Every structure is written in structure tokens, then in C-alpha cells.
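Please keep the sequence and the coordinates at hand while reading.

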Amino acid sequence: MLSDLLPRDHLQHKTKATDWVDAITIASQPLLKKGVIEEEYIQKMVDSVNDNGPYIVLKDYFALPHARAGDGVNEMGMSLLTLDTPVDLKGNPVKIFLVLAAVDSSSHLDALSEISELLMNEDNYQMFLNGSLDEIYQLIK
């Protein structure tokens, strides 16, 4: 399921981003280009962090940007951005942005479970932090 939601062309790597808003915007581009999300969803993710704090930072250097399910989302999907240089997300350094676009409150839970299981393994987590996109994609598959 995870590899269906996060195909290879949804993975991006950049040296750096201007700030966390820029990183979320960049990370969302594959979903936006394919019509999975609307432009408004990107702003809703940013607004959600501004309103609720850095709750999207789930682990050191790892954030899961998302907003309310179905709001600006046309179909379920995910995209990933890795950065060489972390950006500050309200006091938290982040190098990995995994954007989640959910259509309802439950259909994405299997994919979240899969990604959580992957990241609980320290070797896998280090691959997300330091590996190439091809190496990360092999883990996802």
C-alpha cells in the first residue's frame, strides 16, 4: 500500500530549503502536479502548524505535514522531500518532510502504520536521513 501512495516520482531531494514553509511547499509539488491535492491544501498544512504548533514533527528530523482530511484533497497520496541541511520547524530541526494527503479519517491509516514500522528500525531511519532517493524507495517497496 505504501509504495502505491508513494511512487518513486513523489520522492525529491534538495540541498536546502529557505524555511519549513518552503520545504512543505516543495514537498507537496508532486501531489499538486498530479492533481492529488489543490493549492489550498498546502496553505492549510502551513496554517495548521501555525495554529497548533510543531505537532507534525514525529521524530528527530522527521515531519509529517498534513491538514484536515478531504479539505483540498482529491485523492489519497503521499510525497517525500529530503534535505541535506535541516530547516527549523518551530524549534525542531527537520530534514525529512513526508506529506500526507488523506481523503477521509481512516483510509490512510494502513500507510501510516507501514511508514511508522519502517522508521522504528534505526537502520531504516538512518537511510531516510542519509540515503539516496533510490535507497529510500527500495525500503518503501
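In the loop between which two elements is histidine 10 found? The model is a predicted one, and in it histidine 10 is found in the loop between helix H1 (2-5) and strand E1 (11-14). With a relative accessibility of 4%, histidine 10 falls under the 20% cut-off and therefore counts as buried.

The side chain of histidine 10 takes part in polar contacts, one with the side chain of lysine 34 at 3.2 Å and another with the backbone oxygen of methionine 78, which lies 2.7 Å from a polar atom of that side chain.

| Pair | Kind | Distance |
|---|---|---|
| Histidine 10 and lysine 34 | polar contact, side chain to side chain | 3.2 Å |
| Histidine 10 and methionine 78 | side-chain polar atom to backbone oxygen | 2.7 Å |
| Lysine 59 and tyrosine 125 | lysine over the ring face, to the ring centre | 4.3 Å |

When neighbours within four places in sequence are left aside, histidine 10 is in contact with Leu5, Pro30, Leu31, Lys34, Met78, Ser79 and Leu80.

The largest nonpolar core has 27 residues, of which Trp20, Ile37, Leu89 and Phe97 touch the most other members. Helix H2 (20-33), helix H3 (39-52), strand E4 (77-89) and strand E5 (92-101) each supply at least two residues of this core, and H2 gives the most, with six. Phenylalanine 97, residues up to four places away in sequence not being counted, touches among others Trp20, Ala23, Ile24 and Ala27, as well as Leu81, Leu83, Val87 and Leu89. A second, separate core of 23 residues includes Ile96, Leu118, Leu119 and Tyr137. In soluble globular proteins, nonpolar side chains tend to be buried together.

How many aromatic pairs does a search of the whole structure find? The search finds zero, although lysine 59 does lie over the face of tyrosine 125.

Taken as a whole, the protein chain has six helices and five strands, which follow one another from the N terminus in the order α-β-α-α-β-β-β-β-α-α-α. Its radius of gyration is 14 Å, which agrees with the value near 14 Å that a compact globule of 141 residues would have, and the C-alpha trace spans about 35 × 30 × 25 Å along its principal axes. Buried residues make up 47% of the chain. Among contacts with a separation of 6 or more, 69% join residues 24 or more positions apart.

Methods
Residues numbered from 1 in each chain as written. Predicted model: local features only at pLDDT ≥ 70, side-chain atom pairs only at ≥ 80, totals over all residues. Heavy atoms only, no water. Core = buried A, V, L, I, M, F, W, Y, C linked by side-chain atoms within 4.5 Å. Buried < 20%, exposed > 50% of the residue type's maximum accessible area, 1.4 Å probe, protein only. Helix = DSSP H or I, 4+ residues; strand = E, 2+ residues; numbered from the N terminus. Contact = heavy atoms within 4.5 Å. Polar contact = N/O pair within 3.5 Å; in protein donor to acceptor, adjacent residues only side chain to side chain. Phe/Tyr/Trp six-rings, centres within 6.5 Å; stacked < 30°, edge-to-face > 60°. Lys NZ or Arg CZ within 6 Å of the ring centre and 35° of its normal. Rg over C-alpha atoms; globule rule 2.2 N^0.38 Å.
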